Amino acid sequence: MAEFDPHRPSTIDRVAPIAAIAILAAVPPVAGLLGDPFLIKVATRVVVFAIAAIGLNLVVGYAGLVSLLHAGLFGVGGYVVGVAAWHEFNGEALGLGPVAWAGTADLAITLPLAGLLAGIVALVTGVVSLRTSGPYFLMITLAFDQMLYYGAVALQKYGGEDGLQILSTITFAGRDVSARTPFFYLALTILAATVFLLGRVVGSRFGVVLRAAAENERRVTVTGIPPYAYRLTAFVVSGVVCGLAGALLASGQQFVSPADMSWVRSGDLVVMAVLGGLSTLWGPIVGAAAFVVLELVLSSWTQYWQLAFGAIIVVVVLTLRGGLADLVKLATQGRDAR
Amino acid sequence: MTFALFAEQLLNGIQFGVTLFLMASGLTLVFGIMNFINLAHGSLYMAGAFLAAAVQAATGSFLLGVLVAIPATAALGAALEFGLFRRFYARNHLDQVLVTFGVVLMANEATRLIFGPVPLRMPLPEALAGSIEIVPGLVYPTFRLVVLAVGLAVAGLLWLVVMKTRLGMWVRAGSSNRAIASAMGVDVGLVFAGLFAFGAGLAGLAGLMAGPILAVQVGMGEPILILALVVTVIGGIGSIRGAFAAALLVGLVDTFGRVMLPPALGSMAIFLLMALILAFKPKGLFPVHG
Amino acid sequence: MTDRRLLEVKGLVKSFGGLKATNDLNFDLIEGEIHGVIGPNGAGKTTFVSQLQGQLLPDLGEILLDGEDVTRLPAHLRARRGVARSFQITSLVPSFTALANVMLAVQGGQGHSFRFWKRAWTDDALAGPAHVALATVGLDHKANAVVADLGHGECRQLELAMALAMKPRLLLLDEPMAGMGRKDGAAMTDLVARLKGRTSIVLIEHDMEAVFRLADRISVLVAGRVIKTGLPEEVRADEEVRAAYLGHSH
């Protein structure tokens, strides 16, 4: 891993996330000029996966815990939106014990709910997973992901293995946000808020503990700080963020399915978080963009695009230790360093 | 539940358990000794099934398919180890996950490219296709009994090798203390490659034995990989004994869970079991590393 | 110096398999003193320190800190009560700078770290004491150097700075001079000497010259048991100690 000082972020680490969000914000007008509204769809996908990858990076990059659960948490968020909209559309109340809920397609309600539920799932699975470490942690989170996947497949009422169409019009606080551009800016606002808030978190005392414990757990413990509670908190926060991203993906493509929760999607998220550059806030944005663009370009060339994608992952892991962020850093520091 | 049904499910559970053991023993050895997490182990399982099915389709001989597929999968494993994975033994687990994940994606697509999206069939030879009445009222497919016997035989053989031979002593030393292992003056590179190939061969065997029972299709390796990882974790990483006990436990719980519980809970039973065990024993039932 | 006992250890036992690494060990530390612990390799010195610090829990016996039973207390709670340790094998956060490492220790000494908003790097409540601790060990000029770029001697100094930053009442020094050259070793000896009276110290060290110069009292540990405790000159003169240890190894 590249060396870094948690107490003094480099200029590029401060400027790059702002630049990335500014570039994304310019996509709809540019798409308008080019007469290519498909670009907005692509940019929305980038934004949604960037949110998820940033959330995951708190655990993988900062806390040093490789989780393969996060596609499951992502899917939990998606299903909250899907199920709430299904009940609204079909006019059938959702019975929650004594309470009956009519359901809704309003994201002002379903987004917080998605974050909450994903956070609760992260808390319950995290309590068990974080008692272990290293490879055990990795395999347990993978198994929990598979469990959530089977859980979604078992939701026969909501489409089971085939997934769930969202037929209602998606709104936010009563306003229709189902059109491409407003939905994109909604997602981008959430990305910006995530970057800003997590930016504070990783620079705080809490963030310092996470990073230090990733490198030397014993030292942190002897310093009087038991890492478990801090890791669990980070795990829950990243679960909430992934839940929000999943809710946005489901709303954007008006569809949610167990396939979004498979362990391969978890692997994709780790790839985005890592290939963009660990322990930076902008790395996952770059990683998500690279992933979506590669997916698009490769799949337009060949239906066997994952062959090339797999090969790219292998080559990047073999050659670039710090991910794509290393490339950028090398390019920007080329003159003064070495 | 009648006795016959119970006995049949019991046999199914044990048969599934020994298949899982064939997968998990390779995983747990490779992890215990090389400290390497191999998500591509399921791809080797898939390779075994496809190779056997392809050879059988070309020659008409099931036996020939088996005889070719096992060494071919082992060779594939050795090639992966030699060409790629050995560079990652000293890297962190994240890099290992990424590189083997990349290999999984490539293996799935390459298989789809070569064999097409339609599942292959592996018809059984006449001698294995029928059923046997084990005791009056309990009729059981012959091939499943063969799978069960082969699995138990391999487990027994592995136990003999690990417990009674010099190589086994080295393997045991290696999985509990790596420094001792390399100090024992063995050609580590060669043994690692051999061990990896051996694990790959077992995965291939598991895959080709699943072929006639399940479908030979792309992605078939992943559900079993995940269950094998669960077995490895429950048993304690690096422990062959733990892998065997956990494989039987998982095989039985999974089989009976699917029969006796509602579908949603049935497929999740095994993961709940794992969570429960790890909540009390975070290093598995038979922990190896101090 | 008062005669108040800051630390009392009674009948401590710790076994690994069949081996008793600590075998009915009794020990005490008077507030303000430097108490040297010497003994041959394998006598169980590091195991002893680990039990004082809480990384290992003893099988039998008790450890009293200021009269309070802390035998079963986990390491991080002992740290909160003012127990700090420097490791025999350097244990730092490798990608952090020297200053960041000490700031982490300061942070640990200031209660919980569930603070998500304020930037740690502009927090004078962390940086101030960290600079003081670095200056005390003479490492202030390397504050912004990453640990990976520090020399061995500097890492040992940094270990000590981290322990001091926690404002310890009880400082456990596990071979602070280990692996140092003559010059660095002498500098470290001077440094520990300057700490005398500011905190109470359990000093484990192989360098006999340094221990006899620094310690107020010395305990000799053989096969997991204290065979002699006394003033340096008493220990030097003791026949049993000579037979068991001093005469043979040096």
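Let's start where chains A and B meet: 32 residues from chain A and 34 residues from chain B make up the contact. Two residues count as in contact if their C-beta atoms, placed from the backbone, lie within 7 Å. On the side of chain A that touches chain B, α6 (134-153), α11 (263-275) and α13 (305-319) each supply at least two residues. Helices here are DSSP runs of H or I with at least four residues, strands are runs of E with at least two, and both are numbered from the N terminus. The biggest giver is α6(A), with 13 residues.

A word on the model itself. It's a predicted one, where local features need pLDDT of at least 70 and side-chain atom pairs count only at pLDDT 80 or more, while totals for chains, interfaces and linings use all residues. Residues are numbered from 1 along each chain as its sequence is written, and chains are lettered from A and ligands numbered from 1 in the order in which they are written.

Chain A also touches chain C, with 27 residues of chain A meeting 32 residues of chain C. Here the elements of chain A giving two or more residues are α7 (180-203), α8 (205-215) and α9 (217-222). Of these, α8(A) has the largest share, at six residues.

Ala, Val, Leu, Ile, Met, Phe, Trp, Tyr, Cys and Pro count as nonpolar, Asp, Glu, Lys and Arg as charged, and the others, Gly among them, as polar.

| Side of chain A | Nonpolar | Polar | Charged |
|---|---|---|---|
| touching chain B | 24 residues | seven residues | one residue |

Two pairs of chains are in contact, and chains A and B share the most contacts. No contact joins chain B and chain C, and their closest C-alpha atoms lie 11 Å apart.

Now for chain C on its own. Its secondary structure comes to nine helices and ten strands. The C-alpha trace spans about 60 × 40 × 40 Å along its principal axes. The radius of gyration of chain C is 18 Å, which agrees with the value near 18 Å for a compact globule of 250 residues; it is taken over C-alpha atoms, and the globule rule is 2.2 Å times the number of residues to the power 0.38. Among contacts in chain C with a separation of 6 or more, 67% are between residues 24 or more positions apart.

As for confidence, the predictor gives the complex an ipTM of 0.86 and a pTM of 0.87.
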